[in-house]
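Dear colleague,

I am passing on the structure we spoke of, together with some notes on its pockets and its helix packing. Please read the notes with the coordinates open beside you.

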Amino acid sequence: MEIVKIGPYQVGQGHPLLVMAGPCVLEGYERSLAIGKRAKAICEKLGLPYVFKASYDKANRSSLDSFRGPGLEEGLQILAQIKKDLGVPVISDVHETWQVEKAAEVLDIIQIPAFLCRQTDLLVEAARSGRVVNVKKGQFLAPWDMKNVVHKVTGSGCRNLMLTERGVSFGYNTLVTDMRSLPIMRDLGFPVIMDVTHSVQIPGGQGTSSGGQSKFAPHMARAAAAVGVDGLFIETHDNPAEALSDGPNMIALDDLEQVLADAKAIDAIGRREA
């Protein structure tokens with residue numbers, strides 16, 4: 001497996017479980033920073049590497065009226081300040097090729113959303129940015145289909161690549177996660193991340209917004225750690241009911257430490273048996 005370098009961290013076989021956590025979308029500087037501070041403190045206590053995550057623009061919201069975030073310019077300014085204040089790497093997603101160059105000035109990891117994982121031009125541009133690239137597997141793809149995504153990114157000169165599982169469509173408004181996808185994608189030679197909160201989302205389930213079953217998110221984290229994974233992607237909030245996006249599938253900050261402690265303990269067992 002390729003070992004991916006993110007700032008001071010190394011991700012992949014034999015390295016600690018990476019945690020990418022934060023609100024779904026930037027909710028202003030102060031609140032986003034406060035969430036990041038708590039998540040970082042939890043990860044430091046557990047000895048886990050931490051990356052702050054939040055979107056500057058949610059371009060795929062269910063409704064035209066849904067909150068999308070502060071946008072590229074203001075959002076990158078907020079992310080740059082949080083990166084400086086917390087002293088941690090940051091990740092956010094890009095939706096169009098023209099965003100990549102600007103985003104790469106701030107982001108340590110450029111994320112390709114699941115809906116866009118087959119967009120060749122976007123993958124190529126991200127690969128050429130010089131940043132780590134994290135590609136979320138589309139809800140419409142089999143895990144072995146990600147080999148073509150890997151080829152697009154590596155063929156464009158980037159080997160600092162991670163792949164993220166976030167569930168697959170199973171009928172209307174339903175996602176399921178086939179845990180076989182984790183070892184299948186790891187066999188492609190790059191670290192695999194488990195998105196434990198989007199995997200319990202109910203896309204479009206509330207009509208003009210997505211629903212979710214957050215009570216199952218801790219189970220997803222534990223299951224992924226048991227199967228074998230290189231990192232966890234978690235949307236978290238001090239009050240998920242107030243979150244401006246994806247509240248129904250979030251893990252509350254008050255619960256985050258226990259979820260991560262469980263995942264770390266299970267991961268340690270898997271490493272001993274490997």
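Within the largest pocket, strand 5 supplies the largest share of the lining, namely 3 residues. Please bear in mind throughout that this is a predicted model. The volume of this largest pocket comes to about 570 Å³, and of the 37 residues that line the pocket, those closest to its centre are N60, R166, Q201, S210 and D246. Two elements give two or more residues to that lining, strand 5 (90–93) and strand 14 (231–237). Sorted by class, the lining of the largest pocket holds 18 polar residues, 11 nonpolar and 8 charged.

The classes in the lining of the second largest pocket are 6 polar, 5 nonpolar and 4 charged residues.

Turning to the helix packing, I looked at two pairs.

Helix 2, which spans residues 72–86, packs against helix 3, residues 97–104, at an angle of about 30°, and the axes of the two lie 11 Å apart. Because angles under 35 degrees count as roughly parallel, helix 2 is described as roughly parallel to helix 3. The crossing of helix 2 past helix 3 is right-handed. On the helix 2 side the contact involves L72, E73 and L76, which meet W98, Q99, K102 and A103 in helix 3. By class, the residues of this contact between helix 2 and helix 3 are 4 nonpolar, 2 charged and 1 polar.

For the other pair, helix 4 (residues 120–127) and helix 5 (residues 146–154), the packing angle is about 45° and the axes are 8 Å apart. That angle makes helix 4 oblique to helix 5. Helix 4, too, passes its partner, helix 5, in a right-handed crossing. The residues that make the contact are T120, L123, V124 and A127 from helix 4, together with V149, K152 and V153 from helix 5. In this contact of helix 4 with helix 5 there are 5 nonpolar residues, 1 polar and 1 charged.

With best wishes

Notes
Residues are numbered from 1 along each chain as its sequence is written. This is a predicted model: local features need pLDDT of at least 70, side-chain atom pairs count only at pLDDT 80 or more; totals for chains, interfaces and linings use all residues. Side-chain values use heavy atoms; hydrogens and water are left out. Axes are lines fitted to C-alpha atoms, for helices over the stretch in contact, and angles run from 0 to 180 degrees between N-to-C directions. Helices (H or I, at least four residues) and strands (E, at least two) are DSSP runs, numbered from the N terminus. Angles under 35 degrees count as roughly parallel, over 145 as roughly antiparallel, 65 to 115 as roughly perpendicular and the rest as oblique. A crossing is left-handed if the near helix is turned anticlockwise from the far one by less than a right angle, and right-handed if clockwise. Contact means heavy atoms within 4.5 Å. Ala, Val, Leu, Ile, Met, Phe, Trp, Tyr, Cys and Pro count as nonpolar, Asp, Glu, Lys and Arg as charged, and the others, Gly among them, as polar. On a 1 Å grid over the protein atoms alone, a cavity is a set of points where a 1.4 Å probe fits but cannot get out, and a pocket is an open set with protein on both sides within 12 Å along at least five of seven lines; lining residues have an atom within 4 Å of a point. Grid points are joined across faces, edges and corners, and a volume is the space filled by probe spheres set on the points.
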